[in-house]
Every structure is written in structure tokens, then in C-alpha cells.
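Let's take a walk through this structure together. Have the sequence and the 3D view at hand, and we will go from one side chain out to the whole chain.

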Amino acid sequence: MTGMRILGVILLILGLAGFFTGGFSFTKETTQARIGPLELSVKEKESVNVPQWLSIGAIAVGALVRLLRMRKP
């Protein structure tokens, strides 16, 4: 019972965060070349867009899970 409550809250929070931010970005570091003690690395900034339909779906499922668990004793 507690697990379903937590799942509902997590889905609601993630859905709202995805809806209002639209995505997230992160920095990925890759090694391009290594010659003896010298190492050449490159930092690339990548972004991931979260579709609005996915965010709205997560909000709806999270709310549904919360409402269904409240009705059952």
C-alpha cells in the first residue's frame, strides 16, 4: 500500500517537472586520443527533450494511482 502511494507521488512529481521544464541537459566527457602521458578529452553538452504528452500521461497515471489507493481501505 505504501509503495503505490510513493509510486503515485513520484509519477506526479516527474510529470510536473517534465511538463514545466520541457527536458534536461547534461555534459558528457569522452576521451578522443591518448598518446603516452598526454590525453585529449572533449566535453559535449547534450540535451534530452521530454514530450508534453508523456508528462501529461505521467501526471494522469500518478493521480489515478493516488485516487484508487485512497478509495480502498
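This is a predicted model: local features need pLDDT of at least 70, side-chain atom pairs count only at pLDDT 80 or more; totals for chains, interfaces and linings use all residues.

Arg 34 has a partner: it forms a salt bridge with Glu 39, and the closest N and O atoms are 3.1 Å apart. Glu 39 has a relative accessibility of 46%, so it counts as partly exposed.

How many salt bridges does a search of the whole structure find? The answer is two. The other one to look for joins Lys 28 and Glu 46, with 3.2 Å between the closest N and O atoms. Lys 28 sits in strand S1 (residues 23-35) and Glu 46 in strand S2 (residues 38-49), so this pair ties together parts that are 18 residues apart in sequence. Both ends fall in the partly exposed class, since Lys 28 has 35% relative accessibility and Glu 46 has 27%.

Now turn to the nonpolar side chains. Leu 16, Phe 19, Phe 20 and Ile 56 make a nonpolar surface patch of about 400 Å². Helix H1 (residues 2-21) supplies the largest share of this patch, three residues, and Leu 16 is a residue of that helix. With 39% relative accessibility, Leu 16 counts as partly exposed. Phe 19 is partly exposed too, at 33%, while Phe 20 reaches 64% and therefore counts as exposed.

A pair of aromatic rings is described by the distance of the centres and the angle of the planes. The structure holds one aromatic pair. The ring centres of Phe 19 and Phe 20 are 5.4 Å apart and their planes stand at 80°, so the pair is edge-to-face.

Finally, step back to see the whole chain. Two helices and two strands are present, and from the N terminus on they run α-β-β-α. The radius of gyration is 20 Å, well over the 11 Å that the globule rule gives for 73 residues, so the chain is more spread out than a compact globule. Along the principal axes, the C-alpha atoms fill a box of roughly 65 × 25 × 10 Å. Buried residues make up 10% of the 73 residues. The accessible surface comes to about 5900 Å², and carbon and sulfur atoms account for 66% of it. Among contacts with a separation of 6 or more, 52% link residues 24 or more positions apart.

How values were computed
Residues are numbered from 1 along each chain as its sequence is written. Side-chain values use heavy atoms; hydrogens and water are left out. Patches are made of residues with over 30% relative accessible area and no salt bridge: like charges are joined within 9 Å, nonpolar side chains (Val, Leu, Ile, Met, Phe, Trp, Tyr) within 5 Å. Accessible areas come from the Shrake-Rupley method with a 1.4 Å probe; for residues, only the protein chains shown count as cover. A salt bridge is a side-chain nitrogen of Lys or Arg within 4 Å of a carboxyl oxygen of Asp or Glu. Helices (H or I, at least four residues) and strands (E, at least two) are DSSP runs, numbered from the N terminus. Buried means under 20% relative accessible area, exposed over 50%, partly exposed in between (1.4 Å probe, protein chains only). The radius of gyration is taken over C-alpha atoms; the globule rule is 2.2 Å times the number of residues to the power 0.38. Contact means heavy atoms within 4.5 Å. Rings of Phe, Tyr and Trp (its six-membered ring) pair if their centres lie within 6.5 Å; planes under 30 degrees apart count as stacked, over 60 as edge-to-face and the rest as tilted.
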